[in-house]
Amino acid sequence: MARETRVEGTCLCGGVRFSVLMPTLFCAHCHCTMCQRAHGAGYVTWFAVSTEMLAFAAGEDLLVRYSSSDHGTRTFCSRCGSTLFCESSHHPDQVNIVLANMSGEIDREPALHVYFDDRAAWVVVGDDLPRLGGKTGMEPVSKDSVP
Ligand SMILES: [Zn+2]
Ligand SMILES: [Zn+2]
């Protein structure tokens, strides 16, 4: 993929429009309970970029920031509720972006599951990607321990 590739993204109502300059840093499925509740979903697929790679084309004034933990902030559209971004003070130079809100393909596929021990009981995962969990959500989970 060309170095200057930009991929566009939007919220559900189209009020917030943004673009992300490749390359991304990582892409992962997050099963934490905060993601489940914030998105009303079994899990959420995120990718991360350096903050300066994210640019807004419209609707920055529609964004509302919610502090979901002592170090995390989730940003959503105040008109349609789409949860778009997550930032952590642990990584102040990065922004996490919801893959489902992108209009085109990014430069990588989801590579792992994180917070896998917190997953919804009704979510069945059928892939062979690494599964991380434990207290930090990032520790290896034995596949044998997964029912
Ligand atoms: Zn919206
Ligand atoms: Zn999460």
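The model is predicted: local features require pLDDT of at least 70, side-chain atom pairs count only at pLDDT 80 or more, and totals for chains, interfaces and linings use all residues. Residues are numbered from 1 along each chain as its sequence is written, chains are lettered from A and ligands numbered from 1 in the order in which they are written, and side-chain values use heavy atoms, with hydrogens and water left out.

**Whole chain.** Display the C-alpha trace, which spans about 45 × 35 × 25 Å along its principal axes.

**Secondary structure.** Switch to a cartoon to see one helix and 12 strands, in the order β-β-β-α-β-β-β-β-β-β-β-β-β from the N terminus. Helices (H or I, at least four residues) and strands (E, at least two) are DSSP runs, numbered from the N terminus.

Colour by accessibility: 43% of the 147 residues are buried, meaning under 20% relative accessible area with a 1.4 Å probe, protein chains only. Of the contacts (heavy atoms within 4.5 Å) between residues at least 6 apart in sequence, 54% join residues at least 24 apart.

**Thr73.** Select strand E7, residues 72-77, which contains Thr73. Thr73 counts as buried because its relative accessibility is 15%. Beyond residues up to four places away in sequence, Thr73 touches Arg65, Tyr66, Ser67, Ser68, Phe85, Cys86 and Glu87.

Notes: Buried means under 20% relative accessible area, exposed over 50%, partly exposed in between (1.4 Å probe, protein chains only).
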